[in-house]
Amino acid sequence: MLIESSWINGLIGGIFIGISATVLLAFNGRIAGISGMINGALEFTFSQVWRWYFLGGMLLGGLIYEYLLPLPNTPRYDFNLISMIIGGFLVGFGTRIGNGCTSGHGVCGLGRLSVRSLIAVISFLASGMITVFIITDILS
Amino acid sequence: MNNKQNITALISGLLFGLGLSISQMIDRERVIGFLNVTGKWDATLMFVLGGAVGVTIITFRFILPLKHPIFDSKFYLPTRQDIDGKLILGAVIFGIGWGISGFCPGPAITSLIQLSFNPIIFILAFIGGSFASQLLTKSKLKE
């Protein structure tokens, strides 16, 4: 294992994500927002082909980590159909209405000092924390 | 859209996927651990977001004043600056789905490489939710 502590992993991984967003903006003038990346890719138009390259790169990055780097593999969990369907639907619905997710509003929006993105980040962090509180402390 | 831009997108995506994997943000339990502030709190996500924004806040200051990006004639940036109900409602709904699943769009895409059902079903449901919101907004425009 190269790195032991989870916060150092977090910081290094975060820096990679920041460099990724920097490369995309500096060379292509685009925002590295993943919800928009998926929605744009699904338009299946020629001008959106680059988005498929980006999504393909995300898979490649995951494969390099899992199979080539001497780092612990990502844990796998039991299939959780209901959480995936409800969670996925709400994430798709919400990010489309709110124009972004953790990457678009978080990494890029905050980097641009956008007040709109700051409000979005505070809103989804708060609602995410309240949701987990309700699930772990009240429902179970 | 040319080849240089596609290769740049591929490299940028690769760095993004590596970053999500190194930081273990594709581990749903870690993300839920961060959102679980009243339980055994896992601060990792804070360092990830801090590390990423720490980079963009510096580099974007130098990039955005440029006349155009290196491989294109203009920047494609969001222009809206107003805070409206849709922004907050959308972010709140996203947060609820995030808390339920432990996935946001980026980690869900990269963890597709695990070939497990969780991210596959999540992404399919994500696409369903995204299309549903489009239908809803379009039908509202017609009224």
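Let me begin with conventions. Residues are numbered from 1 along each chain as its sequence is written, and chains are lettered from A, with ligands numbered from 1, in the order in which they are written. As the model is predicted, local features need pLDDT of at least 70 and side-chain atom pairs count only at pLDDT 80 or more, whereas totals for chains, interfaces and linings use all residues.

I turn to the chains themselves. Chain A contains six helices and zero strands; helices here are DSSP runs of H or I with at least four residues, strands are runs of E with at least two, and both are numbered from the N terminus. Along the sequence, the pattern of chain A reads α-α-α-α-α-α. Chain B likewise has six helices and zero strands, and its pattern is α-α-α-α-α-α. Along the principal axes, the C-alpha atoms of chain A fill a box of roughly 50 × 40 × 30 Å, and the C-alpha trace of chain B spans about 50 × 45 × 30 Å.

Of the 140 residues in chain A, 57% are buried, and for the 143 residues of chain B the share is 53%. A residue counts as buried if 20 or more other C-beta atoms, placed from the backbone, lie within 10 Å of its own. Two residues are in contact if their C-beta atoms, placed in that way, lie within 7 Å. Among contacts in chain A between residues at least 6 apart in sequence, 47% join residues at least 24 apart; in chain B, 39% of the contacts with a separation of 6 or more are between residues 24 or more positions apart.

How many residues of chain A are in contact with chain B? There are 98, and they meet 102 residues of chain B. Each of the helices α1 (6-28), α2 (34-41), α3 (49-67), α4 (81-97), α5 (102-111) and α6 (115-139) of chain A supplies at least two residues to this side. The largest share, 22 residues, comes from α1(A). By type, the side of chain A that touches chain B divides into 55 nonpolar, 36 polar and seven charged residues. Here Ala, Val, Leu, Ile, Met, Phe, Trp, Tyr, Cys and Pro count as nonpolar, Asp, Glu, Lys and Arg as charged, and the others, Gly among them, as polar.

Next, the core. A nonpolar core is a set of buried Ala, Val, Leu, Ile, Met, Phe, Trp, Tyr and Cys residues joined through C-beta atoms within 7 Å. The largest one has 76 residues, and those touching the most other members are A:Phe54, A:Leu90, A:Val107, A:Phe124, B:Phe94 and B:Phe122. Helix α1(A) gives the largest share of this core, 11 residues. Leaving aside residues up to four places away in sequence, A:Phe54 touches A:Met37, B:Ala9, B:Leu10, B:Ser12 and B:Gly13.

Consider α4(A) in turn. Because 13 of its 17 residues are buried, α4(A) is largely enclosed by the rest of the structure. After α4(A) comes A:Asn99, whose phi is positive, near 60°.

Finally, one helix pair in chain B. At their contact, B:Arg30, B:Val31 and B:Phe34 of α2(B) meet B:Thr44, B:Leu45 and B:Met46 of α3(B). The residues of this contact comprise four nonpolar, one polar and one charged.

Notes
Buried ≥ 20, exposed ≤ 12 C-beta atoms within 10 Å, placed from the backbone.
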